[in-house]
Structure formats: C-alpha cells, structure tokens
Amino acid sequence: MAWSACERYALQPAPGGLALIQDLLNTRPRLSTKTPDLLGTVQLAQQWSDTALREWVEASGRPSRKAKLGKADVEALRGIRSQLVSVLRGRDYGDEPGAGLVALGGVEVGMTVTETGMLLFEPSGSGWRRIAGAVAIEVHDAQVSNTFRRLKTCRDPRCPGGFYDRSPNNSGTWHDVRTCGNVANLRASRARRRSETA
Ligand SMILES: [Zn+2]
C-alpha cells in the first residue's frame, strides 16, 4: 500500500499526512505518456480516495472513514486540486494567482480528545468534504510547522509532478532535475546560442 498518485510518477512522498496534498496534486494527468487523470472518472476517483484516505489515516494518526464519491464530489475535488495548483504556482513561480481555496468553504472539521488530553482535528462531512477536511487540516499543520512552503508543483506548467522539496535552502523547482530540469536547461542553452550567433 502506498500513495498511489505519487508512486506512479516515482515521487517520494512528503512526510506524514502532508503527503495527502502531494498525492492529490499528482492525480493530474500526464498527457505525453497518456497517464490518466485519477480524478477523471468517478470510479478512478473512488479508487484514489479509498487508498489515499487509508494512507492518510496511517501517516497522520488521525481517524477518518471512507468518502463515498459521486459525480459532483469528483468535480469539487478537481476544483480544489486546480486551486491548490494555482496557489502554489502563484507563490513559487509568480503565476497569476488563483481565486484561493474557495472550494474549501463549507468544509467540516470535527474534534476528538486523545487519551493524553490533546485535541485532535479530524475530517467530518461526507463525499468531497471529507477529503477537503483532511486537506485543510494538513495545510493548517504544514503552515504552522513551516513545511507547506516545501510542497511544490513542477516549474514546467505542462508537468503534473507535485513534489516535496528536500533541498536545504528550499530552492528546488523541478519535480525531477534529470527530466524536466534537463529539458529546460537544454532549451535555455539553445536560446543563448541562438542569441549569441544572431
Ligand atoms: Zn516536471
């Protein structure tokens, strides 16, 4: 069992429950290799959601039941995904900022008290709200622990790769420097040569 969307792009998952958001980013399709959108149909989305929530419960130590998804839920999840992408791209690459996490409005988060007297947030509600609740909890925690800035999308806007930047100064921009990074370097050096010979 693993984070299925991260795994298909051979990306190392972010630590703990934050990998849920990374996995959601990596549900995006890669057109060049015909790798499907894992939120492309209700059936694919249900499979992804079951696996991801199971992983999340294990990684975060928080409880959650499965989310039963219908067509509208899958659309809502795609909306949250594209808003997340636009928030991250705006932050990291200065792309036109999106409308923010509007679709997270209406998310319900419940609380339980642990044996040690700690309050534990957990997603409640049904369908897309359950996954969105888990996403909201993870965004909040990662902002508090200052790890959210390490969660990124590949600089190449056509690339669906979402990664956790483990570089010491948080300077990574490619999901894989050997592929997307190399292609970009090659393009840049060709452009330099062209302008030198012009
Ligand atoms: Zn990439």
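**Helix packing, core and loops in a predicted model**

Helix α4 (residues 71–93) and helix α5 (residues 128–144) have axes that come within 9 Å and cross at roughly 25°. Helices (H or I, at least four residues) and strands (E, at least two) are DSSP runs numbered from the N terminus, while axes are lines fitted to C-alpha atoms, for helices over the stretch in contact, with angles running from 0 to 180 degrees between N-to-C directions. The pair α4 and α5 is therefore roughly parallel, given that angles under 35 degrees count as roughly parallel, over 145 as roughly antiparallel, 65 to 115 as roughly perpendicular and the rest as oblique. The structure is a predicted model, in which local features need pLDDT of at least 70 and side-chain atom pairs count only at pLDDT 80 or more, whereas totals for chains, interfaces and linings use all residues. Residue numbers start from 1 along each chain as its sequence is written.

On the α4 side, the residues that meet α5 are Asp73, Ala76, Leu77 and Ile80, and their partners in α5 are Trp128, Ile131, Ala132 and Val135. Contact here means that the C-beta atoms of two residues, placed from the backbone, lie within 7 Å. By class, this contact of α4 with α5 has seven nonpolar residues, no polar residues and one charged residue. For these classes, Ala, Val, Leu, Ile, Met, Phe, Trp, Tyr, Cys and Pro count as nonpolar, Asp, Glu, Lys and Arg as charged, and the others, Gly among them, as polar.

Taken by itself, α4 has 23 residues and reaches 32 Å from its first C-alpha to its last, close to the 33 Å expected at 1.5 Å a residue. The expected span of a helix is 1.5 Å times one less than its number of residues. The buried residues in α4 are Asp73, Val74, Ala76, Leu77, Ile80, Arg81, Leu84 and Leu88. A residue is buried if 20 or more other C-beta atoms lie within 10 Å of its own, exposed if 12 or fewer, and partly exposed in between, with C-beta atoms placed from the backbone. The cover over the buried residues of α4 includes α2, α3, α5 and β3 (151–153). Gly94 follows α4 and has a positive phi, near 70°.

We can turn next to the nonpolar core. The largest one holds 37 residues, of which Leu20, Ile21, Leu77 and Val135 touch the most other members. A nonpolar core is a set of buried Ala, Val, Leu, Ile, Met, Phe, Trp, Tyr and Cys residues joined through C-beta atoms within 7 Å. At least two residues of this core come from each of α1 (4–8), α2 (19–25), α3 (42–60), α4 and α5. Helix α5 gives the most, with eight residues. Leaving aside neighbours within four places in sequence, Leu20 is in contact with Ala52, Trp56, Ala134, Val135 and Glu138.

Trp56 lies in helix α3 and counts as buried, with 26 C-beta neighbours inside 10 Å. With neighbours within four places in sequence again left aside, Trp56 contacts Gly17, Leu20, Ser64 and Ala134. Trp56 and Ala2 are 54 residues apart in sequence, and their C-alpha atoms are 9.9 Å apart in space.

Helix α6 (residues 177–197) presents another picture. Its 21 residues should span 30 Å at 1.5 Å a residue, and its end C-alpha atoms are 28 Å apart, which agrees. Helix α6 is hardly covered, the count of buried residues among its 21 residues being zero. Gly181, in helix α6, is partly exposed with 17 C-beta neighbours inside 10 Å. Not counting residues up to four places away in sequence, Gly181 touches Trp174 and Asp176.

Most residues other than glycine have a negative phi. Ala10, in the loop between α1 and α2, has a positive phi of about 55° although it is not a glycine; Ala10 is exposed, with 9 other C-beta atoms within 10 Å. Asn170 lies in the loop between β4 (162–164) and α6, and its phi is also positive, near 55°. Asn170 is partly exposed, with 13 other C-beta atoms within 10 Å. In the loop between α2 and α3 sits Thr35, which is partly exposed with 15 C-beta neighbours inside 10 Å. Residues up to four places away in sequence aside, Thr35 touches Arg8, Pro29 and Arg30.
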